[in-house]
Amino acid sequence: PGYTPTPECRNCERYMCSRFFIDFPDILETRLQLTNYLDAHFRNSDADARNDFLRTLHDVVDSSTVCLMSYERRQALQLIRSLASPPPPPRRRFEKD
C-alpha cells in the first residue's frame, strides 16, 4: 500500500526535484507553481487525494532534493505542509427530543 518507488524511479525523483527548484528557486514562485498544479489536477478531487499527493511530494522532496540548502528545504517542506487541506470536522449527530 502507498507509494514505493523503484531504485530507477528514485534517481528520476532526485533529478526532477532538483530541476523544479532550479527552475522555480523563489518560494513565491514555488507556491504559485504548486497551487496551479493542485488546482489543475485536484480541483474536482476529494481532499484525501490531494493530501495523499502532498504527503508523497513531501516525502520525495525530503529525501531527494540535493540542490537545496537546509533552510530552503525546510521552507519548501513547510510550504507543502501548508497546502494540505485540513481534515473535515467530525459530523455531529443531533438527537431528536
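1. **Ground rules.** Residues are numbered from 1 along each chain as its sequence is written, and side-chain values use heavy atoms, with hydrogens and water left out. Because the model is predicted, local features need pLDDT of at least 70 and side-chain atom pairs count only at pLDDT 80 or more, while totals for chains, interfaces and linings use all residues.

2. **Salt bridges overall.** The structure holds three salt bridges (a side-chain nitrogen of Lys or Arg within 4 Å of a carboxyl oxygen of Asp or Glu). Side chains of opposite charge can pair when their charged atoms come close.

3. **Arg 10 and Glu 13.** This pair has its closest N and O atoms 3.5 Å apart. Both residues belong to helix α1, residues 7-23, and sit three residues apart, about one turn of the helix. Helices here are DSSP runs of H or I with at least four residues, numbered from the N terminus. Glu 13 counts as buried, at 4% relative accessibility, whereas Arg 10 is partly exposed at 35%. The cut-offs are under 20% relative accessible area for buried, over 50% for exposed, and partly exposed in between, with a 1.4 Å probe and protein chains only.

4. **Arg 19 and Asp 23.** Helix α1 also holds this pair, four residues apart, about one turn of the helix. The closest N and O atoms of Arg 19 and Asp 23 are 2.6 Å apart. Arg 19 is partly exposed, with a relative accessible area of 37%, and Asp 23 is partly exposed at 39%.

5. **Asp 52 and Arg 55.** In helix α3 (residues 47-64), these two are three residues apart, so about one helical turn separates them. Asp 52 is partly exposed at 41%, and Arg 55 is partly exposed at 48%.

6. **The largest pocket.** Its volume is about 400 Å³. For the method: on a 1 Å grid over the protein atoms alone, a pocket is an open set of points where a 1.4 Å probe fits, with protein on both sides within 12 Å along at least five of seven lines, and lining residues have an atom within 4 Å of a point. Grid points are joined across faces, edges and corners, and the volume is the space filled by probe spheres set on the points.

7. **Its lining.** Which residues lie nearest the centre of the largest pocket? They are Met 16, Cys 17, Phe 53, Leu 57 and Val 60, out of 17 lining residues. The lining divides into 14 nonpolar, two polar and one charged. Each of α1, α2 (27-42), α3 and α4 (70-83) supplies at least two lining residues.

8. **The largest nonpolar core.** Among its 15 residues, Leu 34, Leu 54, Leu 57, Val 61, Ile 80 and Leu 83 touch the most other members. Helices α1, α2, α3 and α4 each give at least two residues to this core, and α4 gives the largest share, five. A nonpolar core is a set of buried Ala, Val, Leu, Ile, Met, Phe, Trp, Tyr and Cys residues joined through side-chain atoms within 4.5 Å.

9. **Val 61 and Ser 63.** Leaving out residues up to four places away in sequence, Val 61 touches Cys 17, Phe 21, Arg 73, Leu 77 and Ile 80, contact meaning heavy atoms within 4.5 Å. Ser 63 is found in helix α3 and is partly exposed at 46%. Ser 63 and Glu 13 are 50 residues apart in sequence and 9.2 Å apart in space, C-alpha to C-alpha.

Terms used
Nonpolar A, V, L, I, M, F, W, Y, C, P; charged D, E, K, R; others polar.
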